[in-house]
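Trainee: Could we go through this model together, setting each value against its definition?
Mentor: Gladly, ask away.
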Amino acid sequence: MTSSVGMSSTPGATDVPGTASPRTRRPAWTDLRPLVVRLHFYAGLLVAPFLLVAALTGFLYAASLQIEKIVYAHELTAPAGRTPLPLSQQVTAAQAAQPRGKVSAVQPAAEAGLTTRVLFDAPGLPAGTRLAVFVDPYTAGVRGTLESYGSSGALPVRAWISGLHRHLNLGEPGRVYSELAASWLWVVALGGLLLWLARRRSHRRLAVVPERRTIGSRRILSWHGSIGVWTVLGLLALSATGLTWSTYAGANVGTVRAALGWQTPKISAASGEHAAHHPGNHPGSAPVIGVDHVAETAKRAQMPGPLEIAWPAAAGAPYLVSQIDKQWPVHLDQIAVDSVTGQVSARLPFADYPLAAKLTRWGIDAHMGLLFGLPGQIMLMALAAGLVTLIVLGYRMWWRRRPRGGLPLPPARGRWRRLHWTTLAPLALLTVIAGVFLPLLGISLAAFLIIDVLRGRRARAV
């Protein structure tokens, strides 16, 4: 994608109104191109640092799933034995190691050589955090205890890297950086793609393959544009999925999803009505059916692992058994198991999710490096490396072509006046809608316009 950061321009160069009639109807792209160049220039120059940080931390996060397996190999693995002990015995061993906590769920060892993860709600933990006790499924020996974060079960190292990527480990205020990056990424990517394809429309092969016989800025531009073409779809996907986690745009995304019925369905927990009247089953009492029976019920219900069995939330409530395999093909079915009868009382297959909910799930898991496993993580790291390369090449082009005496103004100031109203009106409407839906995009865009106006006035005064 061609970058106006790398394009030379003369400070103070201004289109003189009247050189061409603003009412003359010309091809829209002829007058739109300078506007796209200017937008790409400012975004590339001023927003690229945020994108660079997001790309570098995103690269690290994509690698963190493998880092986690190395750092916590002792807790995550155990010597394979012949026959695993009953799940209830493993949970009892975990409770003995964590007497102050309350069991909330258990994730049985999905295959030989892995440990069982027993999850506890414990006092003093931040929201969304549980204690995970890792148990050898063959000896019931406790291999260790670690904090587990979020629905992905991230352990401390991965959770720290995740926080660095999302908010620089600064908490809620730090999320402004990542939302700003995600808000502008799609604008920069699409603008650069338009400029590059227009530049290469008569040489389509050179749009995807860099020129080898050129030198200097032309060679850098060729690599910048070609890499942009290869990465643009991935960058758009990262922007869209990243915005779902953001503070302000994320709230708007949630509102739209709710209005259109695109929310993720939830399994009904309304089962076990008679359990509340079962002898000895008063509020706060333990469920009648044990975890071994629940695991066997899930097996009969054709729920292959990996699984998470969640304890009843209240007296009479069911166990919730969820598949947690987010690789491809995903296994994310859920069932509710009556805590008295042990029968399946509700079922929610992933196949029954609305298409929009499936796409959301796949997109989020792809962004987190869970979808496709190791190949998906390698793809994410390659995409992050591509974005870093694009930014470095963009700044390199600007540095080589910068004029003496300071930063250049992008070319063609005032060109918007030449746009025909049939082009200007929808463009202005689209800009307002995007600015309202993505507030940080709108605020920063307004700041760019103010900077542009002030620099233009200064250039005219010189």
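Trainee: Which residue is the bridge partner of glutamate 308 in β6?
Mentor: Serine 322 is that partner in β6. Keep in mind that the model is predicted, so local features need pLDDT of at least 70, side-chain atom pairs count only at pLDDT 80 or more, and totals for chains, interfaces and linings use all residues. Residues are numbered from 1 along each chain as its sequence is written, and side-chain values use heavy atoms, leaving out hydrogens and water.

Trainee: Which residue in β7 does serine 322 bridge to?
Mentor: Glutamine 334 is the partner there, and four bridges join β6 to β7 (residues 334–337).

Trainee: Why is β6 called largely enclosed?
Mentor: Buried means under 20% relative accessible area (1.4 Å probe, protein chains only). Four of the five residues of β6 (residues 319–323) are buried, so the rest of the structure largely encloses this strand.

Trainee: Why is tryptophan 262 called partly exposed?
Mentor: Its relative accessible area is 39%, and partly exposed lies between buried and exposed, the latter being over 50%.

Trainee: What makes β4 an edge strand?
Mentor: The open sheet has the order β4-β3-β2-β1-β5-β6-β7-β8. β4 (142–149) has a single partner strand, so one side of β4 is left without a neighbour in the sheet.

Conventions: Two strands pair if DSSP finds at least two bridges between them. Helices (H or I, at least four residues) and strands (E, at least two) are DSSP runs, numbered from the N terminus.
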